[in-house]
Amino acid sequence: GLVGLIVVTAVVVPLVVPIEKWQQIAFDRLREETGLVATAESASVGLLPLGLRMQGLQVRDPENRPEWSGLELDLEEVVVTAQVRPLFSGRFEIDEVKLVRPRVVLAPASGESSEATPGVDGPGGAAAPDPAASLSIALAALTIEDGYVELNPPDGSSTVLHGLTNVSSVNIEGGAGNASAKGQLDSLILVTAETSETIAELGWALDVDFAADGSGGTVAIERAGVPGVELKGEAKWQTDEVTAVEARLDLSADIGRLAADWYRPKVIEWPDGVDPSQFGDFRGNFSGEVVISGEVDPSATPEETARMVSVQGTLSDFSGRMFGRADLATVHAEVRFADALLDVDPLRVVTPVGEMTGKYRARPLSEDDARLEMAGEIELAATTELVASLWPALLPLMEEGATPPAEWPAVRGSMEIEFSAELPVNPEEEPRITWTAGAD
């Protein structure tokens, strides 16, 4: 029974499989995944679960390849667990490789070289693999507890992962394999020469089928995203360097949750006299589909890369506090982004004084001006009352000597309005607005 098996294991396993053999199995697995060589201060065998535990592990790259230059990898503990029964027939089947509080710092070289190095692609050959992608693939294949990862490329930027936790299982039979990964990241910090951005609480749950030779695979994404955004769907890739991708994902976003993390009034240049605290509390929802398709070209411009991406979905009940009021406008829209063109049509804006409909079109990554077209009907008396209630907040935006609503003539009825606006990319240029109006 189970007790007998435990007793036999306790007595026989250390004799059948020396600790050094267990350690070598684990190091071979690491080298297969990353090409790196490991050493450990001490190692011991555990029984429940059956496995190898190593302390004081260090990992280095003996070949000093450019993509691993500046590597620092220290781990408090590594645990490798395996199945018991296959050991008695001379087979080693590893269940899991777990890294406890790993610390990884990598300063990859630029990859530029005047001479080709054996085993390393150089001029005239294929591009060297992206070290960040290689490291991501290696980490995804392992179970990690409270990890820290830092990438410092030569361009001066930095990517830091805090609190990385991942539970993974991998199985390879013949020319195919499958894996699953479920985890989270406390924070991701992206630093460039101009900006520093922190993304908190990333999470994922993935199932992967892949070719053992790296020629391609499929990822079924059960869940991926950050607070306020969730993705589900499927992605396919070709070659171990991910030269082509095909992904179709369902996207849902809670704008209120996103705004709580991303809306920062202090970084906006507000006009003199405007109180930033009168703006915020944005809310609403977006649901749609994201498609990413095409060949991956590291030398492509942002606009060329954007042409691989298309988004189509619905924005509903988008609103927020403006000039101290939360009821000034609620927006509903159908949104499409394809071929690097953003098209919002129809666009419907509901206000306390009437409703406007229209469309908006822009190429966000180009020098082309955006265009907004709107038409609708407003109630005149209600408009006067609304402007009067907002007048103190609007004054900083008014020209000197503007007539206050209290001095406007009393009016009733409604007015139909049509207007269009050309919105320059250059913020120093004024919008070009044309409009017509007719009152009943």
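**Cores and a buried serine in a predicted model**

In this predicted model, the largest nonpolar core has 50 residues, and those touching the most other members are Leu57, Val59, Leu75, Val78, Leu99, Leu315 and Leu347.

Reader: What makes a set of residues such as Leu57, Val59 and Leu75 a nonpolar core?
Author: The members must be buried residues of kinds such as Leu and Val, joined through side-chain atoms within 4.5 Å. Leu57, Val59 and Leu75 belong to the largest set of this kind, so they are called core members. In soluble globular proteins, nonpolar side chains tend to be buried together.

Reader: Which residues does Leu75 contact, leaving aside its neighbours within four places in sequence?
Author: Leu75 is in contact with Gly56, Leu57, Val59, Leu99, Val100, Arg101 and Pro102. A second, separate core has nine residues, among them Val353, Leu386, Val387 and Leu390.

Reader: Why is Ser414 called buried?
Author: The cut-off for buried is under 20% relative accessible area. Ser414 has 8% relative accessibility, so Ser414 counts as buried. This residue lies in strand S19, which covers residues 414-423.

Reader: How many helices and strands does the chain have, and what share of its residues is buried?
Author: The chain has six helices and 20 strands. Of its 440 residues, 33% are buried. Its accessible surface is about 25,300 Å², with 54% belonging to carbon and sulfur atoms.

Notes:
Residues numbered from 1 in each chain as written. Predicted model: local features only at pLDDT ≥ 70, side-chain atom pairs only at ≥ 80, totals over all residues. Heavy atoms only, no water. Buried < 20%, exposed > 50% of the residue type's maximum accessible area, 1.4 Å probe, protein only. Contact = heavy atoms within 4.5 Å. Helix = DSSP H or I, 4+ residues; strand = E, 2+ residues; numbered from the N terminus. Areas by Shrake-Rupley, 256 points an atom, 1.4 Å probe, with all protein chains shown as cover.
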